[in-house]
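Dear colleague,

I am passing this structure on to you and would be glad if you looked through it alongside the notes below. They go from single residues to strands, and then to the core and the ligand.

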Amino acid sequence: MGRLRRSYYDRFSRFYDRFVALHSSDTTGLARKFLADRLPPRDAGSILDVCTGTATLLPHLKEKVGRDGRVVGVDFSRGMLKVASAKVRSLPNVHLVEGDAGNLPFAAETFDAVTCSHAFYELKGKTREGALQEILRVLRPGGTFLMMEHDVPANPVVRALFYLRLTLVGAGRAVAFLRREEETLKGCFAKVEKVETPAGRSKVMVCWK
Ligand SMILES: C[S@@+](CC[C@H](N)C(=O)[O-])C[C@H]1O[C@@H](n2cnc3c(N)ncnc32)[C@H](O)[C@@H]1O
């Protein structure tokens, strides 16, 4: 099953960026910049982007850690990582790693911040629960986890389509997670805040360890 999901994302990677630009009318990565801007700038630091996809967020994260800072993007799809590598090739201290969100290949307390953009709901139920524990494990004490996701649509027809898409990508138990999202995050982190994007329809959950 993991193999099937990976191959779905490998195929999707060929048109993923065009799909996002059309779907969200965001051709310049404004939403990802909004997410990165929730992080305080540091002279040096390290940020992990979980489920980094085609690495649209990484250049924005690099701006937050300065010249000596390090940014790592992790994803399990080689197709996505191939597209990503073309984007970050010229960026110093930006690395891509193949790995599973539910079993992150990093030592405990390695990162000052962890981000996850438009991917957390798509994880399979068990992986999603594991990923939350893994994110907590690799974050330094006092570190921040930023999760950006679409809001659950208010319009009932669009909401049904939203849930249908999560079911189609095999994101088991995503709906149950969504109903208790804030409560679940508050159970794991010391403080949790929800910030709506200016354009609406998306939100960032800011969580402090
Ligand atoms: C909808 S894309 C989001 C990509 C990117 N974060 C963005 O903002 O455009 C979801 C990504 O999650 C990755 N993914 C899904 N399940 C994963 C897992 N268990 N471990 C690592 N990556 C995973 C997929 O390969 C894909 O690149």
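H118 counts as buried because it has 21 C-beta neighbours inside 10 Å; a residue is called buried if 20 or more other C-beta atoms lie within 10 Å of its own, exposed if 12 or fewer, and partly exposed in between, with C-beta atoms placed from the backbone. Before going further, please note that this is a predicted model, in which local features need pLDDT of at least 70 and side-chain atom pairs count only at pLDDT 80 or more, while totals for chains, interfaces and linings use all residues. Residues are numbered from 1 along each chain as its sequence is written.

H118 sits in the loop between β4 (111–117) and α6 (125–138), where helices (H or I, at least four residues) and strands (E, at least two) are DSSP runs numbered from the N terminus. Although H118 is not a glycine, its phi is positive, at about 50°. A55 likewise has a positive phi without being a glycine, in this case of about 65°, and its place is the loop between β1 (46–50) and α4 (58–65). A55 counts as buried, because 25 C-beta neighbours lie inside 10 Å.

Helix α4 is mostly covered, with six of its eight residues buried, namely L58, H60, L61, K62, K64 and V65. The cover over these buried residues includes α3 (30–36), β1, β2, α5, β3 and β4. K62, which lies in this helix, counts as buried because it has 20 C-beta neighbours inside 10 Å. Leaving aside neighbours within four places in sequence, K62 is in contact with V71, L91 and V94, contact meaning that the C-beta atoms of two residues, placed from the backbone, lie within 7 Å. The C-alpha atoms of K62 and V74, 12 residues apart along the chain, are separated by 15 Å. Just after α4, G66 takes a positive phi of about 70°.

Strand β2 is largely enclosed by the rest of the structure, because five of its six residues are buried. Strands β1 and β2 pair in the parallel sense over five bridges, two strands being paired if DSSP finds at least two bridges between them. Within this pairing, the bridge partner of I47 is V71 in β2. The chain crosses from β1 through α4 to β2 in a right-handed β-α-β crossover; right-handed here means that, with the strands pointing away from the viewer, the path from the first strand over the helix to the second runs clockwise.

On to the next pair: β2 (residues 70–75) and β3 (residues 94–98) run parallel and are joined by five bridges. The β-α-β crossover from β2 to β3, which goes through helix α5 (residues 78–88), is right-handed. V74 has V97 as its bridge partner in β3, and D75 stands opposite E98 in that strand.

**Core and ligand**

The largest nonpolar core has 47 residues, and those with the most contacts inside it are L48, V50, V114, I135, F145, L146 and M147. Such a core is a set of buried Ala, Val, Leu, Ile, Met, Phe, Trp, Tyr and Cys residues joined through C-beta atoms within 7 Å. Strand β5 (residues 139–150) gives the most to this core, with five residues. L146 touches L35, R38, L39, A113, T115, V204 and V206, not counting residues up to four places away in sequence.

Around the ligand there are 20 residues, of which Y9, C51, G53, S77 and S117 come nearest; a residue is near a molecule if its C-beta atom, placed from the backbone, lies within 6 Å of it. By class, this shell has nine nonpolar, eight polar and three charged residues, where Ala, Val, Leu, Ile, Met, Phe, Trp, Tyr, Cys and Pro count as nonpolar, Asp, Glu, Lys and Arg as charged, and the others, Gly among them, as polar.

With best wishes
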